[in-house]
Amino acid sequence: MIRVLLVDDQPLIRSGFRALLDLEDDIEVVAEAADGSEGLELVREHLPDVALIDIQMPVSDGIEATRRIAADPALAGVHVVILTNYGLDEYVFDALRAGAAGFLVKDVVPEDFLHAVRVAARGDALLAPSITRKLINRYVAQPLHTGTGTGTGTGTGAGLEELTGREREAVVLVAQGLSNDEIADRMVISPLTAKTHINRAMTKLQARDRAQLVVFAYECGLVAPRNP
């Protein structure tokens, strides 16, 4: 059973998502919250598999709630999916950097919404290659990052030094927006082996998911940003 927590300040939005989720035999909504602070308390209480969190809320927003969840080792099994009205904007980018597994636009069709919940519950990053490429383009346009390898994020040089050559190659391909199958083809290995390389790299770089791995690859200097 997939346990889901809903965090949104709009009751109508919460009730709509809950109605969809309650129809599924393998999904259970364990609690609802109207702001990030209350949501964080309920995450700690219920330990859901997936926390669907609105990005802009009163008291504490979705970015701060995501950051606190990602920073708590006791909540490592909670996968945050950000809910937004606007698509891949700067707020969503900040949430992905904070540790969100992915995001959903609120006007998503029901089938895609339910699929996303199941994908997140499996621990897979909710970022299609096309979205990863948009994330990359957004990231490299930030003036904060110069491509010198001295990044200001949470990636570390020590983590990079621990990567094997094949793991580095896999991370570079992830940062280029390739899917696991595309990475396997490029590296001439099986998709399972490609996924193994990626998972090991995520562990060494302390990345919670694929979205953070992309960001860390640039922040650590493993991939150099282009000039915007």
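So, strands S1 and S2: S1 covers residues 2–7, S2 covers residues 27–33, and six bridges join them in a parallel arrangement. I call two strands paired if DSSP finds at least two bridges between them, and strands here are DSSP runs of E with at least two residues, helices runs of H or I with at least four, numbered from the N terminus. Do keep in mind that this is a predicted model, where local features need pLDDT of at least 70, side-chain atom pairs count only at pLDDT 80 or more, and totals for chains, interfaces and linings use all residues. Residues are numbered from 1 along each chain as its sequence is written, and side-chain values use heavy atoms, leaving out hydrogens and water.

Within that pair, Val 4 sits opposite Val 29 of S2. To get from S1 to S2, the chain passes through helix H1, residues 11–22, in a right-handed β-α-β crossover; that is, with the strands pointing away from you, the path from the first strand over the helix to the second runs clockwise.

S1 also has strand S3, residues 50–54, as a parallel partner, through four bridges. There, Leu 6 faces Leu 52. Five of the six residues in S1 are buried, meaning under 20% relative accessible area, with exposed being over 50% and partly exposed in between (1.4 Å probe, protein chains only).

Now to helix H9, residues 180–187. Which of its residues are buried? They are Ile 183, Ala 184 and Met 187. Looking down the axis of H9, they fall within an arc of 100°, so they line one face; the arc uses directions from the helix axis to the C-beta atoms. On the other side, Asp 185 and Arg 186 are exposed.
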